[in-house]
Amino acid sequence: MKKIDFKIILLSLIVPLFLVSCEDYLDKTPDAGVSEQDVFTSYVSYQGFEDQMYAFVVEPNGSENSQGTENGDHTVSGLFWSSCGKFQVGNYRGVINVGNSNYWSNKHGIFNVKHGYWSAGWAGIRVANIALEKLPMLLNATDEEKQLLEGQAYFFRAYFHWNICKRWGGIPYVDKVFKPDDDMRIPRLTFQETVERIVEDFDKAAELLPEDWDETVVGGQFKGYNAGRATKGAALAFKAKALLYAGSPLMNHETEGSYTFNSEYMKRAAEAAYDVIKLADKGVYALTIFQDIQKNFARKDKTMPWTKETIFQKIVTRVGARAFRAPSVAMGTVYVPNRFKSNKNTESPTQNMVDMFEMANGLPIDDPASGYDPMHPWDGRDPRFEAFILHDQQKAGIKKQTTLQFYLGGMDQRNANILTCYLVRKYWPVGVNGYDKQWNGYRYATPLMRLAEVYLIYAEAVNEAYGPNGSVSGAALTALDALNIIRNRANMPDVDSKFTGDKESLRKRIWNERSVELCFENGQRWDDARRWHIAHTNEYKEIYDLEFDKKHTYFNRVKRLTIVFEDRHYWMPFPNEQTEIYVGWPQNPGW
Amino acid sequence: MKHLIKIISFALFVILLTGVSLFGQKTKKKYTISSVVVDESGNPVVNAYVWAQGKMVTTDNTGSFSVNLVKSRSNVILVEAENFEPLKISTDTFALVKKIVLKHSEFQAGSKDVVNFVFNKEKQIDVASTITVIDPEELLKYDNQQRVMVALRGRVPGLYGTNNVNGLGAAVVIVDGMEQDPGNIRVDEVEQIVILRDAASRAMYGAQADKPVILINTKRGEAYKTKLKIMGEFGVSDPISYPKFLNAADYMTLYNEALSNDGLAPFYDSLTIANTRSGVDPVLYPDESYYNSTYLKDVSKSFNIQTEASGGNDVATYYVNFGWKRSGGLLNVGEGAKQSFNRLNVNSNVDFKINQYMKMYLGGSVVYDFNKNPRGDFWGNSATFHPDWYPVLIPSSRMEDSILLAAARLVDGQYLLGGTSEYQTNIYGDLVFGGYNNSTKRNLNFRTALDFDLGFITKGLTANVTMLFNLYDSFNTVQANEYAVYEPVTVTLPTGVDSLYFIKHNEDVKQGDQSVTSSDFTRDMNVFGTLNYIRSFNNHNLNLTALAYRTESQVNGEFHHDKRLHFALQAMYNFKGKYLAELSGVVTGSSKLSGKHQYGFSPTVALGWIPSKEDFLKDNSVINFLKVNASFGIINTDNYINDYYLYETSYTTGGLFTYGNGMYKNRRRRINYLKNPDLSWVKREEISTGFQLDLLNALWIEANYTYSKLYDIVVQRKNYYPAITGGVYQYENYESKMNQGGSVAINYHNDKHDFKYNIGVNFTYFVPKALKVEEPKYEVDYRYLEGNPTDSKFGWVAEGFFRDSADIANHAIQTFGEVQPGDIKYKDLNNDGIIDNNDQKIIGNSNARLQYGINLNLKYKALGLFLLGTGQTGQESYFKSAYYWVYGNRKYSEEVLGRWTEETASTATYPRLSSKYNANNFRNSTFWLYENNWFTLHTAQLTYTFSDRLKPNSILKKGFQVYVRASNLFTISDIKEKRELNVGKAPQTRYYALGLKVTF
């Protein structure tokens, strides 16, 4: 009897404790984590997933330590270890491969393959592809909501590919979600092939996305507060830009073998640009009046720099001193000298850039009839000169101390970080500095696409395809008209008739106009110099500055430096670890 | 003094409680027994312990003893002697046995040599795997150090520091079958410590066993040995050194120099500096140093008292331990002077037989820590507050504004607290008016076990079920008061006379209530069951164990409970005690893995041979003992899988995303990583071999070699997949590393004469190596960790200071910021003319390679001296705290005196000063790297054991000892001063103590 008792005790203690309850003992705790179901079955959370893509958009002027977004003949930096400095000496590898621990080497640089266009772009592409793949999971949503989600995914897939291929050349077009076991050795496409895929996606996006989110049911709930969202106009404008690039001499040389414009691509670019201009004609977009032009770039009232002219930009929420002088990512780290309580690293405009501003009468300064006076080099110039650039004896702010001293021996001239005698004003409203301290409402953003650029794309594409007075079929707007719209807005007269006779004459003025209008915006000048295949020329490489005394009794043009630009610099190098993974991904020539 | 009274009254209370049984039964009938204790050959056993009815007497020179007993009580006596097996006999049989014969204990095979592995037990000599066993009772005879992990230091071959076995990292410390904080245990409470030194010995601990495992088994009551032990120790801690900061005038001068180096105007004018230096008016020109008697005591005092009672009989045994440890702080002001750290602990257990088949064990312990601290961080603030910021105390006579003065709260009735608008924290004010911060930690442990004798099924079969609980919580009680500080300012009156005014900042506010903050809570539960079968067939000895073990740990704020589960079978076998084998098979389960990978199988095997038992060595007079062993094992572990559910795709809900001007917000959803259904166990493969040798009964040598490889470590292979995947990766089993080395221990003892001595040394040498590392493609080979020690330190190679601008121009370009003469120059390792990340290489390693321990134990009659020290070589450290990396507005230490200037260029030991962050100088380089080689004498104890000199039947014969002890007595090292200096926290101390131990 006793023995049986003990067996029962043993069984009842050991067996249930250790064996039966072990079945699910190690399983996942219910409700732990966020599941796929939680993310992809409602519009709000699906949109939350797609919002990541907006975050992956790179703000070109928002990165730490002198990013050198211009990289060309527009601005130079005295800090040779900044990425601007590295661009100047042709050290593009240094630009893309900087370690994380290195304080001075642009750890959040926009070209750094760990942080910028490259990695954020591929991450964005992955999110876009997941978003497209998971759409069937979204059952409880309206057709409009589904379209918006699908449209944004196509838009960003194209946008991120575009941002990489613009600087690195043709790349594989990734249109699927990779699983770890998949064969990922997709070969590189040519630039034009890549653009064809990009255009395909932008077309789909343009079909699906609204002209204005305020008019949708989803966006209507927040009428007036939808700035920053991907739209039909943005898709079409970037499509136009991609086509313009694909038909430009550098890219055309890859497939056609000659450094000339490809008129087929120019026609298509013109048509796409005209589609955006039609939206502007409908009232969706409009050019800002000249007095308010800075509202496109920076403000002091805490609002987002977004106008009717803006077509697309990163949603930058940094406001106040944080946006101006925070140690990590701030405007001040790029264009404002330290004495204004910025963050020290300053890229400054070159004399080359200043020389491109015409006289107010519409003539270039080297034209004998222009009236340019080398002893008063800053007088009587295109109004945009004063709007975008600061020079000696001008006040950068309100208080007396903000007066700039770029004469020999002046306070600002002695700053080793600033190689030239100018500062960028475009993003720097009066009063936002350490003397006036009006930085509480400071907010800035770099337009990634604005209507002015669309007109310039149209002008360039039409001029190359049909000549100065041509237009796309069914349109009254000629290349010249489009160009003059931009000039007139800045209170500049029409292009002088000396330059309107043929495509080649007008081409020079269009190139100059792009340089002036789009200066300091997202490396436009550098991209243009590359695609036009002029970046290796001395005119582009030799960087000048002015030297003068306090009383302006003399002005000496001095050469500050010569940019290193060889053939290989037309494309950024890929990171080695990328090109060494498989043969289908060759390194760009010369790297 | 108040505390002392408390202690004494407590001790009396305990004595009374146990004394009831001693004194309460005096009326009973008495009788006397006496006998002689001899060994197997009939020689008398001198100084044998005879326990009877709670008393103990010892045998005299002839081996004889006599003891008075009470008739109606237990008639069992217990006879023990060193090197003999204990013997229990009934007084009823005394008439039959003329002499009590004790048997010599066999080497490593006596009743004291049974190793308790928690799940099973085995005689030490029969264990085939590599272990070290420590008997605290033996230690306590000459070393009264009470921290249980510290007791291992310098004593265990293969052990780095106090808990890192074979360089595998911090050990899992299992206290009575459960992972617990060993800080709660004192050496006095411990029965046995077992250090498991190879994979085979650890295997039964499942997934945890990839790390070293140390078993601490606490004491139980012993039948027929009634003891009441009281121990007290009083000690003082003497600070070794305080940081040396510059005085205000020197600081000002050098800060101006730093500014000038940066091309900036001086901050302090020469009049201020001169007035500060002359001390003309400490209110206007303050120069505060904090490491002086205003703030600090010379020494801090502490005491530690413990009482322990144990005893019992065949049916039930009990054990109780109570202790109180208190140490004071060094601060001498206000709440700081009341600073104290207290620990109360009670640990008790009972074992009792329910019937002939069942035994029960119940145990529990409570550890209660309560610390009183002032608010404010004196040690941190004193290391950062500049000497010139403000006068700490301002004589009230200096304040002319009588209204302000009347409202002011004065320190000691005569001082105002200084401060400025920028610096409103007054170091003295924090201590006197700031309030306090009392922290409390409570740990409750409860253990219960049932043992079943299943001999009725088959002989030798037993079973056990054990349940263990641990509850831990902690909280802080804070009273945070505010106080006003006064900023002195000079104002020039219209008359042209300077006058002193004060600006008041803050108010004096005493909080009416306390706040309770930062509660921390952990709950652990372990359950295990074993089936044991021990049986000998002819010369085959078998010890089989089946185990089921599960743990669960709940931590406050953690969603998932940490759960583990494993099942194990172990067979220990030997043939004639000469050929040993140990086989284990463990099935481990993890909640971090899923599907077919949720369970893994870990096999281990150990083999041993004892040649000294073979005929050819049996009677060898030189080799007394020789054992060789080897083991191999694979252990599955989830220790390096850092989170749950890594096997499935993870999404998280992220921050708010805002469009436009902030109207429409939506939470971002993120994808973190991809699923990997193949995610599996991390594995450790270990081979270990060694020998133990005893020569001439005097020289002991043991050595061991171990190769341990950890592979399939889980990482994300960010550098493997092409960029086009978009940076979302899966977790994979990929990396591997190994650790290889050995240890040697040598011990020589001589106890044949009155002067006895024992000298021991041990050496441990291990080298880790990274075998496979997920790392980026570097442009230079020397940046890879793969193939190099896992603890490599990467840094730049300093080449002195830049001499002048020509030197800078001729040198490779350093890309960490502008350089000027006096900045550190780095070597261009890849000769590309640029100093950047590609110029860093391995310049050191962070773990010591060689560690050695030396101990010396001398005894002359009742007087003993014990010394224990350890040392290490083969490790490098950066000295890079704010004390050494002085830049910007950091407080200037004496380190900067050797700074570079044009005049001192040839002798400078420190780079030129900089008033900003200087990214060029202050980065990991050989300039800041030191070889961290040292030897420290940790313990010296002089002991006088009275009981050795007492009469055989003295009441104190069970134990009576006084000692003086010193800890951390000295260090030998090239960087001794740096090693012994604490900055920003309480100083290191040398500890001196006087102690007393009495056993009744």
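Okay, let's start with one helix. H19 of chain A covers residues 503-517, so to speak a stretch of 15 residues, and from its first C-alpha to its last it reaches 20 Å, close to the 21 Å expected at 1.5 Å a residue. Keep in mind that this is a predicted model.

Now, which residues of H19(A) are buried? They are A:Leu506, A:Arg509, A:Ile510, A:Glu513, A:Arg514, A:Ser515, A:Val516 and A:Glu517. Here's a bit of background for reading that list: an α-helix has 3.6 residues a turn, so residues three or four places apart point the same way. And what do the buried residues of H19(A) pack against? Five helices of chain A turn up here: H15 (351-356), H16 (383-388), H17 (451-466), H18 (479-489) and H20 (524-531).

Let's hop over to chain B. You'll find 12 helices and 52 strands in there. How does its overall size look? A compact globule with 1000 residues would have a radius of gyration near 30 Å, and chain B has 34 Å, which agrees.

Let me zoom in on one sheet in chain B. It's an open one made of 5 strands, in the order S10-S15-S16-S13-S14, and the pairing is mixed. Which strands stand at the edges? Those are S10 (131-134) and S14 (178-179) of chain B; each has a single partner strand, so one side of each is left without a neighbour in the sheet. Elsewhere in that order, S15 (residues 190-196) and S16 (residues 213-218) of chain B run antiparallel, joined by 6 bridges. To pick out one pair, B:Gln192 has B:Asn217 in S16(B) as its bridge partner.

Last topic: where the two chains meet. The contact takes 61 residues from chain A and 55 from chain B. On the chain A side, the elements giving two or more residues are helices H1 (2-18), H2 (36-40), H3 (43-56), H6 (117-133) and H22 (576-579). Which one gives the most? That's H3(A), with 9 residues. And if you sort the chain A side by class, you get 36 nonpolar, 17 polar and 8 charged residues.

Notes:
Residues are numbered from 1 along each chain as its sequence is written. Chains are lettered from A and ligands numbered from 1 in the order in which they are written. This is a predicted model: local features need pLDDT of at least 70, side-chain atom pairs count only at pLDDT 80 or more; totals for chains, interfaces and linings use all residues. Helices (H or I, at least four residues) and strands (E, at least two) are DSSP runs, numbered from the N terminus. The expected span of a helix is 1.5 Å times one less than its number of residues. A residue is buried if 20 or more other C-beta atoms lie within 10 Å of its own, exposed if 12 or fewer, and partly exposed in between; C-beta atoms are placed from the backbone. Two residues are in contact if their C-beta atoms, placed from the backbone, lie within 7 Å. The radius of gyration is taken over C-alpha atoms; the globule rule is 2.2 Å times the number of residues to the power 0.38. Two strands pair if DSSP finds at least two bridges between them. Ala, Val, Leu, Ile, Met, Phe, Trp, Tyr, Cys and Pro count as nonpolar, Asp, Glu, Lys and Arg as charged, and the others, Gly among them, as polar.
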